[in-house]
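Thanks for coming. I will go through one model this morning, starting with a single residue and then moving out to the chain.

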Amino acid sequence: MAAPSGKAAMERHQSIDAQLRLLVPGKVSEDDKLVEYDALLVDRFLDILQDLHGPHLREFVQECYELSAEYETDRDEARIAELGSKLTSLSPADSIVVSSSFSHMLNLANLAEEVQIAFRRRSKLKRGDFGDEASAPTESDIEETLKRLVSELGKSREEVFDALKNQTVDLVFTAHPTQSVRRSLLQKHGRIRNCLRQLYAKDITADDKQELDEALQREIQAAFRTDEIRRTPPTPQDEMRAGMSYFHETIWKGVPKFLRRIDTALKNIGINERLPYNAPLIQFSSWMGGDREGYTGGHT
């Protein structure tokens, strides 16, 4: 690849944020931050790519990214032909870096979308907007759901309470033998998601923002330098550790919070009793390590 020169190189290395905004509507609504999230993550990643592999590969990846985005907008077949020509010109070593870059950028885009969905849900709940049936219910919808059971479906408060006491949701943990994403990478993605969420908090200070931005860059680089693919088949012990990580990172705090929300919702619809401590509202099962098909030739 020929090296760009002078002014052209400077222009190519400007923040991708401005270039992304050429491909989207001019105004981003208050409850739709996806473009901002995505642009920030991609911009930080391209800076890291340049530090690790030089400005030429950064420029190449950025050009491919833009060609793909432009094709998505105008469906011009010439852009696909140009993209194909660029990719086939790569050396084997550069092909690995470029393919890994796009895989990582896709992961970052997914993380941006997750944070944006959470942002939109919080905005809707603050406005009392429960009309979007396409949005999956969250713990914040519990009270509204209970109120609907009483007011719209004619259920008594006692019926609602008895139904809650006698229902059980059984969450079954499994690990498919083809699962290839490493737990260490999933943990890094979780930290990137948390940094991004905190960066857009309304009460953040300038110093906090700088520190979070630096942490975000560290986590993006760590994720990019982590091998995405599990190179050896996971053992039953590996599957167990992966499953237990969900308890450590989410369930241990999430389930008590969920149960407290239910108690609060019951109180707010006029039920002064609390769920009995032994009510099996949520229980967990597992068959991790129980299906080794593909590793041992069948079930064990």
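In which helix is Thr 145 found? Thr 145 is in helix H7, which covers residues 142–151. Before going on, this is a predicted model: local features need pLDDT of at least 70, side-chain atom pairs count only at pLDDT 80 or more, and totals for chains, interfaces and linings use all residues. Residues are numbered from 1 along each chain as its sequence is written, and side-chain values use heavy atoms, with hydrogens and water left out.

Helices here are DSSP runs of H or I with at least four residues, strands are runs of E with at least two, and both are numbered from the N terminus. The protein chain has 11 helices and 2 strands. In sequence order the pattern is α-α-α-α-α-α-α-α-β-α-α-α-β.

Back to Thr 145. Its relative accessible area is 42%, so it counts as partly exposed; buried means under 20%, exposed over 50%, and partly exposed in between, with a 1.4 Å probe and protein chains only. Ala 265 is 120 residues away along the chain, yet the two C-alpha atoms are 9.3 Å apart.

Next, strand S2, residues 282–286, which contains Phe 284. Phe 284 is also partly exposed, at 31% relative accessibility.

Now the whole chain. Of its 300 residues, 30% are buried. Taking contacts (heavy atoms within 4.5 Å) between residues at least 6 apart in sequence, 75% join residues at least 24 apart.
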